[in-house]
Amino acid sequence: MSVLVLASFPAAAQMKIAVLDYQMALLESDAAKKYSVDAEKKFGTQLQRLRNLEAEAKRLQERMQSEGEKLNQTELEKLELEFRQKAREFQAQSKELNEAKAGSDREMLETLKPRLDQAVEAAIQAGGFDLVLDRSAVVDVKAEYDITRQVIERLNSIR
């Protein structure tokens, strides 16, 4: 077994190996940063509505807890009904927002992925790498072997 390991070591020593944090390259790109700002604008109103619903539901819940013993049964039932309605509305709007955001994220990824793949390929070719490992599969790596910044720069230069 040790002969096998020693026999493969010279071949591995001649290989040019790099490490790439694919997710970081994607998220740190100018396009992804622009998308993040645009998404905040696009979904900001819905997010604010959710926050308002959440605040109203909390206010109702706190009122039920603090004044619950003082209120008559009808008033308490009315508060509970209103709270449940706010909770259902919050859940429905939250689901709608999550689905819309996920769809928008998928669209962004579909348009950006070919450019990212092109930037990765260009960095691999320029560096003459034989093997590129995902950063998450590596315990530690010297900065000189990490091509993530190169990929981000290349991605940012692709139009």
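Buried means under 20% relative accessible area, exposed over 50% and partly exposed in between, with a 1.4 Å probe and protein chains only. The model is predicted: local features need pLDDT of at least 70, side-chain atom pairs count only at pLDDT 80 or more, and totals for chains, interfaces and linings use all residues. Residues are numbered from 1 along each chain as its sequence is written, and side-chain values use heavy atoms, with hydrogens and water left out.

**View 1. Thr 148 in helix α5.** Thr 148 is found in α5, residues 148-157. Helices (H or I, at least four residues) and strands (E, at least two) are DSSP runs, numbered from the N terminus. Thr 148 counts as buried because its relative accessibility is 3%. Its side chain is joined to that of Asp 146 by a polar contact of 2.5 Å. A polar contact is a pair of N or O atoms within 3.5 Å; within protein, one must be able to donate a hydrogen and the other to accept it, and residues adjacent in sequence count only if both atoms are side-chain atoms. Leaving aside residues up to four places away in sequence, Thr 148 touches Val 19, Leu 20, Asp 21, Met 24 and Ala 25; contact means heavy atoms within 4.5 Å.

**View 2. Ala 31 in helix α3.** Ala 31 lies in α3, residues 30-67. A relative accessible area of 25% is why Ala 31 is partly exposed. Not counting residues up to four places away in sequence, Ala 31 touches Leu 112 and Arg 115. Ile 124 is 93 residues from Ala 31 in sequence and 21 Å from it in space, C-alpha to C-alpha.

View 3. The 38 residues of α3 reach 52 Å from first C-alpha to last, close to the 56 Å expected at 1.5 Å a residue. The expected span is 1.5 Å times one less than the number of residues in the helix. At Phe 43, α3 bends by about 55 degrees, the bend being the angle between axes fitted to the seven residues ending there and the seven starting there. Buried residues of α3 include Ala 32, Tyr 35, Ala 39, Phe 43 and Gln 46. Leu 50, Leu 53, Ala 57, Leu 60 and Met 64 are also among them. The buried residues of α3 pack against α2 (22-27) and α4.

**View 4. Helix α4 and its ends.** α4 (residues 73-127) has 55 residues, so at 1.5 Å a residue it should span 81 Å; its end C-alpha atoms are 75 Å apart, which agrees. At the N-terminal end, Asn 72 caps α4 with a side-chain oxygen 3.0 Å from the backbone nitrogen of Thr 74. A bend of about 35 degrees occurs at Leu 112, and Pro 114 follows within four residues. After α4 comes Gly 128, with a positive phi near 65 degrees.

View 5. UniProt, in an unreviewed entry, lists residues 43-96 as "coiled-coil region". UniProt positions are given in the numbering used here, feature names are shortened, and annotations may be inferred rather than shown by experiment. Over residues 43-96 the model is 91% helix and 0% strand, with end C-alpha atoms 11 Å apart.
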